[in-house]
Every structure is written in C-alpha cells, then in structure tokens.
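Follow the chain through a sheet, a helix and a loop. Keep the sequence alongside as you read.

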Amino acid sequence: MKKFFKIIGVALVLLIVVFLVTIFSKNESLPTGEKGEKAEQLAQKMLAALNHEAFENAEVIEWSFRGTNFYKWYKQQGKVEVNWKENKVILNTNAPEQSEVFVNGEKVENSELIQKAQSFFNNDSFWLIAPYKVMDSGVERSIVKHEDKDALLVTYTTGGSTPGDSYLWILDENNFPTAYKMWTSIIPIGGIEASWSDWKETKAGFKLPTKHNTNLFDLSIDMGDPKASTPFADALASKILKAIKHESYKTTNTIEWSFGGRRFFKWNKKEHIAEVKWDTTKVILHPNNLEKSTIYFNDKLSDSKDKTIIKKAEDYFNNDSFWLVAPHKLFESGILRAIKIEDGKEALLVKYTTGGTTPGDSYLWLLDENYVPKSYKMYVPSMKMEGVPATWEDWITTESGTLLPKMHRFGNNGELSMGDVKGF
C-alpha cells in the first residue's frame, strides 16, 4: 500500500512539474502598444474586413459552446435564450432583473440562474463575436509589432465578466483576424494563443467561427453550427415583393422603358439581352457575355467592337434598369437587409455588397400603407450621397401583371421619367 501511494505521489509531482514547465515555457509578458490614429485605423480596417455593418444589423444569432450551452440571441431586442442542462433563461441583456427563468419547463424565480446565464453569455458570446467588439465603449486599442507585422492590442477596461483583459489580434494580409493572444485574469499564463480560422459565412452577410484551437495542452473550443439571420427584415422585404407583384415580374419576358428621354431600352429579360439606344448609337448588349454584344450606328450594324461603347451601354443599363426594377431585386445575391425606423415607421435598408457598377451602395426604402415603395434615401459613397431622397411614383400594372414605376422626383422640382413603361 505504501508503495502504491508512493507511485501516486511521484505521478502527482511529475504532473505538477509538467504544469509548471508549461507555464514558464508559454508565459509571455503583456506587450506595450502604441495608441493613436494608426491603431484606430487598423481597428477600422479589421472591422471592414469582417463586414461589421452586417453584424450590427443582424437580428438573430444562434450557436452553442462546447456542446453544453446553447444560445438564440435576438440581438436588436436585447434578449437571448440561454439553455443548459434542465435550465432555460430568457436573458434581458439590458435589464437582467427582468429576465425569465425556467427549470424543466416550469417558470421559477431564481436570481442565481440569471447570474449564471449572464456569466455564460458574456464568456461564450465573446468567443463568437470578440473581433466585432474592438470599438466598443471601454475598449482601448494600440498597435503592436508581431512577427514584423502590425497587430491590434485591445484592452477591455470595463464591461463583461472580467474587465482588464487584453487580447492581441493577429491579422492576415487583408486585415482579417486569424488568431489572438490572451492576457486574462482567469488564465494564469499570459500570451496563450487561440485560432480564429474556422469561419462560416452566415445568411446575415458576415462570418462566425465554428471552433478555436489553443496552444495550451492543444485544447479546442467547439462553437457548434453558428448562424446569423435577419428574419424580420426578410419578412418586410417579402411584403414589398408581394405588393409589387413580384411573382408576375419573375415571369415577365420583356420590359421596355426610357430614361429621362435620353436613353431607350428593350430588355429581353428571359434571355438577359438588352437593346440600349442613345443618340445615334444602339448596342445589343449581352451582359453575361459582353464579347457577343454588337454595335449599330444610325441603325446600321457596325463592324466595330469598341469596348468603350459596349462598356457605356452596360453602365447605362445597370444604372437605368435599377431606377425601374430595384424593388424587385431585394433578395438577389450580395444584398443585405435591415429594418430601420423612419418617422416612426418601419423602413427597409438594403446594401449591395457585390455586383452592379458601384457595390457598397445602400438604399433606405420608405413604404406606403400597402408596402409599395413611395421613396428611398440613397447612400452612395462614390457620389458622396448621404441620404439623398428620391420618390418612386406613378406605379403601373403592366401587361404581365407586375408593378413598375413611371416617375421619380427629387431635389428642387427635379423629375426623372421612365417613359412609356411596358412589361409583357
């Protein structure tokens, strides 16, 4: 028996020695960073790479933590369902005392479970969305050189469960986070590194991590199958499509219109070929294969394949068709949707992240009582537009059964006619 306890004692000593060696070998001092404009710029570049705007507009985020804690976060409402074991807490993040607690499906009063749910949420959400929080209130930012590259050191001076913690974000060549090093009160070793490399694209237009690997005993943290969505904005967009008879738009084969009396279009929508006319020029435009496009001068076919003319026709088509059919494009790829309140009413903000002539543009759709767009505000950085308004008026029901506008008004008595609009 003495020999057995002696073996156990030796084993414990060896484990302690291994633990201490690990601490001393991996422990790093907190680096000193340089605060100021460069650090702020690096943080903004990081947020741009992450598509922080889409994160801000997300309505519902779901994930799990190590397969034990499960979350459904109604972000805009400040509420999150926290589930673990037999417990469920509807946590009010802005007023925890108003939270609801359920045990085995029965509602109970239990402040300790509320505190535990809040602690779980603070920790487990940080492992999900930490890079999106670098500009939060109470966060200090500075630049540190890591392997001869700029890294972002952030220190949380307030908030969360452990204020005072610091994280060094390591970025790739596109300023996207790939890992961080931690100096926290709950880990006795400074500089422990965790990966942020297993990302998943969400429906809301930004990425979330699925797991993290650390260099501390090769520990791994599983984040489950994270999801983010905008179901309320999507529902509002669907109401708009129903109001403007989008199902009929989808089966419309041909659309004709003009743009301010200067340009004229006949769009074979089914085959996506457009006749674009201005001045004495006509281009039969193939947007999906520009090399197949042909040019006419004074209605005579030209041998010219002038790319500048074809590009001009493409730009005209992209811009001028947008003024006609933009509300029908709310669910196309590369579009983010969010609900905003304008004059006490719901409005739909859409952002085009890809495609068209100027990706990055945003439009806030204002609706009438039937959800038909009556105007929008334009946010177009390339043209320095910041909320410039324009109406969408004189909607007609085309032969094909869809709704299209005939007139836009803006500024000081400015008008933009879409001419004799037809759809069949």
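Four bridges join β12 to strand β13 (residues 207-213), and the two run antiparallel. Strands (E, at least two residues) and helices (H or I, at least four) are DSSP runs, numbered from the N terminus. Two strands pair if DSSP finds at least two bridges between them. This is a predicted model: local features need pLDDT of at least 70, side-chain atom pairs count only at pLDDT 80 or more, and totals for chains, interfaces and linings use all residues. Residues are numbered from 1 along each chain as its sequence is written, and side-chain values use heavy atoms, with hydrogens and water left out.

Within this pairing, K200 stands opposite L208 in β13. The open sheet has three strands in the order β12-β13-β14, paired antiparallel. Its edge strands, each pairing on one side only, are β12 (198-201) and β14 (220-222). On average, neighbouring strands are turned by 30 degrees against each other, direction ignored. Helix α4 (residues 111-129) packs on this sheet and touches β13 and β14 (contact: heavy atoms within 4.5 Å). The direction of α4 makes about 110 degrees with that of β13. Here axes are lines fitted to C-alpha atoms, for helices over the stretch in contact, and angles run from 0 to 180 degrees between N-to-C directions.

Now the loop. N174 lies between β9 (166-171) and β10 (177-183). The C-alpha atoms of N174 and G191 are separated by 23 Å, at 17 residues apart along the chain.
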